[in-house]
Amino acid sequence: MDFEQNTTTPDTPNKNQNPRSNGMAAASMVLGIIAVVTFPCIYIALICGALGLLLGLLSRGSEMAFSIQGKAGLALSGIGLFATLAIYIGTLVFIFTQYGGIEAFLSEYESLYQSMGLIQ
């Protein structure tokens with residue numbers, strides 16, 4: 001019985017090993033698509049966009065360039081995250097310019113509900 005027959009040293013690279021992670025690139029692209037489609041739903045798009053950016057950056061591995069799926073995932077995640085943040089910031093700016101703050105907006109909202117008879 002010869003134990004040295006199938007031994008490899010840890011320094012020899014595996015020819016089938018890909019330094020790039022295609023799974024992370026695909027996940028980044030899927031999360032980017034979800035972020036773009038759901039950008040009006042603030043919380044879902046924020047989470048998917050941030051995770052898509054992270055996975056897109058990690059999909060590069062030790063390579064110097066990104067794969068096509070990695071680039072698409074980064075672009076879609078960035079667009080979804082940017083659109084979500086633009087809507088969120090735009091809404092806050094509107095509330096502060098029109099009502100002077102959150103408290104005035106909430107009191108206006110409450111008076112509207114009272115006039116409709118939904119609350120007393």
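What share of the 120 residues in the protein is buried? Buried residues make up 19% of them, where buried means under 20% relative accessible area, exposed means over 50% and partly exposed lies in between (1.4 Å probe, protein chains only). Before you start clicking, note that this is a predicted model, in which local features need pLDDT of at least 70 and side-chain atom pairs count only at pLDDT 80 or more, while totals for chains, interfaces and linings use all residues. Residues are numbered from 1 along each chain as its sequence is written, and side-chain values use heavy atoms, with hydrogens and water left out.

**Stop 1: the whole chain**

Switch to cartoon view. You'll find 4 helices and 0 strands, in the order α-α-α-α along the sequence. Helices here are DSSP runs (H or I, at least four residues), strands are E runs of at least two, and both are numbered from the N terminus. Of the contacts in the protein with a separation of 6 or more, 66% are between residues 24 or more positions apart; contact means heavy atoms within 4.5 Å.

**Stop 2**

Two packed helices are described by the angle between their axes and the distance between the axes. The axes are lines fitted to C-alpha atoms, for helices over the stretch in contact, and angles run from 0 to 180 degrees between N-to-C directions.

Select residues 42–58, which are helix H2, and show them with H1, residues 22–37. The axes of H1 and H2 are 8 Å apart, at an angle of about 155 degrees. That makes H1 roughly antiparallel to H2; the cut-offs are under 35 degrees for roughly parallel, over 145 for roughly antiparallel, 65 to 115 for roughly perpendicular, and oblique for the rest.

Now put side chains on the contact: Met24, Ala27, Ser28, Leu31, Ile34 and Ala35 on H1, with Ile44, Ala45, Cys48, Gly49, Leu51, Gly52, Leu55, Gly56 and Leu58 on H2. By class, this contact has 11 nonpolar, 4 polar and no charged residues. In that scheme Ala, Val, Leu, Ile, Met, Phe, Trp, Tyr, Cys and Pro are nonpolar, Asp, Glu, Lys and Arg are charged, and the others, Gly among them, are polar.

While you're here, pick Cys41 in the loop between H1 and H2. Cys41 counts as partly exposed, at 42% relative accessibility. Draw a C-alpha to C-alpha distance from Cys41 to Thr84: the two are 43 residues apart in sequence and 8.0 Å apart in space.

**Stop 3: H1 against H3**

On the H1 side, the contact residues include Ala25, Met29, Gly32 and Val36; on the H3 side, look for Gly70, Gly73, Leu76 and Gly80, among others.

**Stop 4: H3 against H4**

Slide along to helix H4, residues 102–116. The axes of H3 and H4 come within 8 Å and cross at roughly 80 degrees, so these two helices are roughly perpendicular to each other. Leu92, Ile95, Phe96 and Tyr99 in H3 meet Ile102, Ala104, Phe105 and Glu108 in H4. This contact has 7 nonpolar, no polar and 1 charged residues.

Zoom in on Ile95: is it buried or exposed? Ile95 counts as buried, at 8% relative accessibility. Leaving aside neighbours within four places in sequence, Ile95 is in contact with Gly100, Gly101, Ile102 and Phe105. The C-alpha atoms of Ile95 and Leu106 are separated by 9.9 Å.

**Stop 5: the rings**

Finish by selecting Phe94, Tyr99, Phe105, Tyr109 and Tyr113, which form one aromatic cluster. The whole structure holds 4 aromatic pairs, where rings of Phe, Tyr and Trp (its six-membered ring) pair if their centres lie within 6.5 Å, and planes under 30 degrees apart count as stacked, over 60 as edge-to-face and the rest as tilted.

Phe94 and Tyr99 are edge-to-face, with ring centres 6.5 Å apart and planes at 85 degrees. Phe105 and Tyr109 are stacked, with centres 6.0 Å apart and planes at 25 degrees. Being 4 residues apart in H4, Phe105 and Tyr109 are separated by about one helical turn. Colour by accessibility and Phe105 comes out partly exposed at 26%, as does Tyr109 at 42%.
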